[in-house]
Amino acid sequence: MSNFELKAETITKVFGRRLIFKDVDFSCKENGIYGISGPNGSGKSTFLKIITGIISPTKGKVTHLFEGKPIDSEKLHNYIGFVAPYLALYDEFSAVENIHFFSKIRGLNFTQEKLEFLFHQFGLFDRKHDLVKGYSSGMKQRLKYIFALIHSPKILFFDEPTSNLDNSGKEKVYQTVRDESQNNIVIIASNEDSDLALCSSVLELQNFKLKTDN
Amino acid sequence: MSAYALFKKDLASEMRTRYAINSLAMFIVVTISVILFSIGNEKISDFLSGGLFWVVIFFSAMSGLSRAFVSEEERGTTLTLQLIASPTTIFSGKLFFNLILVFAMNIIIALLYSALFDAFIIKNLSLFIYAFILGNIGIAIASTLIASIIAKASSKGTLYPVLSFPILLPLMLTLIDLTKQAMDGAPFQTSSVELAILGCYDVVMIAASFMLFDFIWKD
């Protein structure tokens with residue numbers, strides 16, 4: 001049972017004159033894997049950015065609760081892990097430096113064991129001191145998982161989780177998703193059938209609405 | 001503490017990429033050289049010399065201070081920062097970085113300027129130092145806020161000085177006036193109004209920046 005709760009009520013987003021979606025309600029409380037699918041341009045990534053607090057909705061309200069109490073928006077980032085193609089890391093730093101800098105900016109500590117475990121898990125241990133600019137796109141995607149998991153978040157958001165990954169990378173991601181969903185909420189936004197197959201429920205975002213399709 | 005971590009990250013990043021330092025150094029050298037060549041053997045007045053000093057500082061600031069946010073936008077790391085820290089932390093860290101950069105840049109300009117321009121003689125040094133410190137703080141705050149606004153625009157290079165000019169104009173005019181008074185050796189009492197204007201400008205800018213940054217950063 002997760003002690004985290006996410007409630008998004010009547011979320012509307014408009015960019016300029018373009019309506020992305022309107023009056024979308026979404027909530028999750030139980031630990032598990034939730035999917036969001038929809039055609040290209042339907043607003044999956046925008047919706048994820050709104051429910052993670054990265055951008056504001058045009059209308060509506062997003063509430064994050066931990067142990068029944070609302071989380072201060074200034075502290076929300078400590079509870080969230082996010083992997084997405086549009087989240088970039090610093091090319092001029094090594095993988096380890098990136099993780100250290102991000103953790104310090106977050107104001108969170110982590111153990112060296114956890115860092116090494118994650119680097120081993122995602123197959124980057126031997127390259128952890130290399131500059132990120134020398135990484136392939138698949139290696140950068142793996143590093144994003146380390147970045148998302150290092151602070152043991154309560155809720156995880158994966159937007160196109162297997163993009164740029166080879167088969168072994170995909171398997172590691174799927175295993176991570178299954179492991180994390182034992183205690184935490186995992187939300188996946190994707191159109192890949194293999195990604196959505198992991199989800200206990202899939203919500204489809206189309207025609208500016210979110211439709212439940214269990 | 002998080003803001004300090006962001007400042008350290010920016011400093012380490014700057015030491016490796018030299019985005020801002022190189023453009024600032026080149027701009028300072030080129031601008032001072034152009035002024036020196038254009039003046040030639042002509043004797044310029046004290047007031048003009050003090051005014052040119054702040055013109056060099058204004059344009060040098062325009063060439064390098066926008067990097068705080070523009071470099072994040074160009075590298076695509078803005079969203080990552082939005083994810084991991086609050087707007088207050090981001091603005092504080094970036095402001096701290098720009099403060100250090102402005103002070104370092106302006107101290108170098110002041111030293112070069114006083115070494116190369118005979119007319120630039122400060123008689124009331126303490127008044128000049130007060131004006132210099134308050135002015136640098138004002139430039140850093142205003143530049144950081146404007147940099148955050150223009151970072152997402154397509155024509156950043158043009159927009160930055162255009163937006164900065166009206167915001168920095170009252171600060172620059174006051175600083176030019178105070179520099180002239182410091183060069184004339186005027187006592188502190190006669191410059192109290194200008195110093196109060198500088199202090200108020202800094203307070204208003206810092207308050208407005210923290211109030212507005214949340215909206216700028218999230219949308």
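A residue counts as buried here if 20 or more other C-beta atoms lie within 10 Å of its own. Keep that cut-off in mind for the first close-up. All views show a predicted model.

**Figure 1. Strand β3 of chain A and its two parallel neighbours.** Strand β3(A), residues 32–37, is mostly covered, with five of its six residues buried. With strand β8(A), residues 185–189, it pairs in the parallel sense over five bridges. To get your bearings in that pairing, look for A:G32, whose bridge partner in β8(A) is A:I185. Strand β9(A), residues 201–206, also runs parallel to β3(A), and four bridges join the two. Here a handy landmark is A:I36, which stands opposite A:L203 of β9(A).

**Figure 2. Strand β4 of chain A between antiparallel partners β1 and β5.** Seven bridges link strand β1(A), residues 4–15, with strand β4(A), residues 59–66, in the antiparallel sense.

**Figure 3. Two residues of chain A with positive phi, A:D23 and A:N164.** If you like to check backbone torsions, this view is for you. A:D23 is not a glycine, yet its phi is positive, at about 50°. You will find A:D23 in strand β2(A), residues 18–28. Why does A:D23 count as partly exposed? Its C-beta has 13 others within 10 Å, and the partly exposed class lies between 12 or fewer for exposed and 20 or more for buried. A:N164, also a residue other than glycine, has a positive phi near 70°. The place of A:N164 is the loop between β7(A), residues 155–159, and α5(A), residues 167–180. With 15 C-beta neighbours inside 10 Å, A:N164 counts as partly exposed.

**Figure 4. Helices α8 and α9 of chain B packed against each other.** Two packed helices are described by the angle between their axes and the distance between the axes. For α8(B), residues 156–184, and α9(B), residues 192–218, the angle is about 150° and the axes are 10 Å apart. That makes the two helices roughly antiparallel, because angles over 145 degrees fall in that class. The crossing of α8(B) and α9(B) is left-handed. On the α8(B) side, the contact is formed by B:P170, B:L171, B:T174, B:D177 and B:L178, which meet B:E194, B:I197, B:L198 and B:Y201 of α9(B). By type, the residues of this contact divide into six nonpolar, one polar and two charged.

**Figure 5. The side of chain B that touches chain A.** Which helix of chain B gives the most to this side? Start with the overall count: 21 residues of chain B are in contact with 21 residues of chain A. Helices α1(B), residues 2–17, and α5(B), residues 78–84, each supply at least two residues of the side that touches chain A. The answer is α1(B), which gives the most, with seven residues. The residues on this side of chain B divide into seven nonpolar, nine polar and five charged.

Technical notes:
Residues numbered from 1 in each chain as written. Chains lettered and ligands numbered in written order. Predicted model: local features only at pLDDT ≥ 70, side-chain atom pairs only at ≥ 80, totals over all residues. Axes fitted to C-alpha atoms, helices over the stretch in contact; angles between N-to-C directions. Parallel < 35°, antiparallel > 145°, perpendicular 65-115°, else oblique. Left-handed = near helix turned anticlockwise from the far one by under 90°. Contact = placed C-beta atoms within 7 Å. Nonpolar A, V, L, I, M, F, W, Y, C, P; charged D, E, K, R; others polar. Pairing = 2+ DSSP bridges.
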